[in-house]
Structures are given as C-alpha cells and as structure tokens.
Amino acid sequence: MDIYLFIFLLLAVAPISIFLHEAGHAAAGILLKAEYTYLIIGRGKKIFDYSSGTIHFKLYAVYFMGGYAKSERKMPFKRVEIIIISFFGPLVNCLMFLLCWNLLAYYPNHYMELLALFNLWLAAINVVPFKWKNKKSDGYNILKAMLR
C-alpha cells in the first residue's frame, strides 16, 4: 500500500465508514422512537458538540479511532428492536460496499476500491459476536438479544 492510500484510509475512509456505521445505528434508534440518540465519533479532545431535539452528536480530535451510537428511551427496547438497531450499522456498511463496488465499474481506482473493501471489512467484523473489555460487537448484541 502506498503512503497516499494509507493516508486516505486513515483520514478519510475509516472516519467516513465509521460515521456511516454509527449513523445507521442512530437512524434505527430514531425510527424506533428513541427519546435520546447519541452519535459519538473519535477519541481525545472534544472538537464539536451539536444537539438538536433528541439527537446529540459529538466529534473528538482523533476522529478515525472509532465511535459509537446509543439510543435510549423510558420504555426499554424489545428484543427485535435491539436486533434491528444493532444490525443497521453493518447493513449501512454493506450498502456502502455495494455502492462503491458498482461505481468501480465506471470509475476504477484504488481509492474507491479501498473505500468499498473497508466497508465490507467493517460490516463483517461487526457481525462476529465478541466481547473485549467493555466493547461488545453488534453481533454480540444481536446474539445476546436473540438468546434472552
């Protein structure tokens, strides 16, 4: 991988893909009548904070180092709702992969290919059930909801 692709991966592909993934979770929460939806991107020093009604967005300086979305309401989400919210992140990444992969037929380049493949990887890794310290994958949340 040349340095330009690596920089593109770090500064554009990862943050865009992570944002879309977490926005998928947030959108599902909103569709399922969440009273509060939080979309957090990055780590470190907070550089942007926006709230509008029930939606709260925070962006941190190291914006390519992950993120999370959280939806809350007084009435607990049902099992199927938890599954839907958990599944929407990887679903958005799959749709992004398909879009980029199809665009490659018309605009072939390594940057689009990297964007497509990173979204496919992000979707795949997130549907695998695992728990590491306080971090739970979407697949873990789905499996946990199915088994309760």
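Helices (H or I, at least four residues) and strands (E, at least two) are DSSP runs, numbered from the N terminus. By that rule the protein chain has 4 helices and 4 strands, which follow one another as α-β-β-α-α-β-β-α. The model is a predicted one, in which local features need pLDDT of at least 70, side-chain atom pairs count only at pLDDT 80 or more, and totals for chains, interfaces and linings use all residues. Residues are numbered from 1 along each chain as its sequence is written, and side-chain values use heavy atoms, with hydrogens and water left out.

Along its principal axes, the C-alpha trace of the protein chain spans about 50 × 35 × 30 Å. Of the 148 residues, 36% count as buried, where buried means under 20% relative accessible area, exposed over 50%, and partly exposed in between (1.4 Å probe, protein chains only).

**The cores**

In soluble globular proteins, nonpolar side chains tend to be buried together. A nonpolar core here is a set of buried Ala, Val, Leu, Ile, Met, Phe, Trp, Tyr and Cys residues joined through side-chain atoms within 4.5 Å. The largest one holds 18 residues, of which Val13, Cys100 and Phe118 touch the most other members.

H3 gives the most, with 6 residues. A second, separate core has 5 residues, including Ala28, Leu32, Ala34 and Ile85.

Contact means heavy atoms within 4.5 Å. Leaving aside neighbours within four places in sequence, Phe118 is in contact with Leu9, Val13, Ala14 and Ser17.

**A buried serine**

Ser71 lies in strand E2 and counts as buried because its relative accessibility is 16%. Not counting residues up to four places away in sequence, Ser71 touches His25, Ala26, Gly29, Ala34, Tyr36, Thr37, Phe77 and Ile85.

**The largest pocket**

On a 1 Å grid over the protein atoms alone, a pocket is an open set of points where a 1.4 Å probe fits, with protein on both sides within 12 Å along at least five of seven lines; lining residues have an atom within 4 Å of a point. Of its 40 lining residues, Gly67, Tyr68, Lys135, Lys136 and Asp138 are the closest to its centre. H1 gives the most to the lining, with 9 residues.
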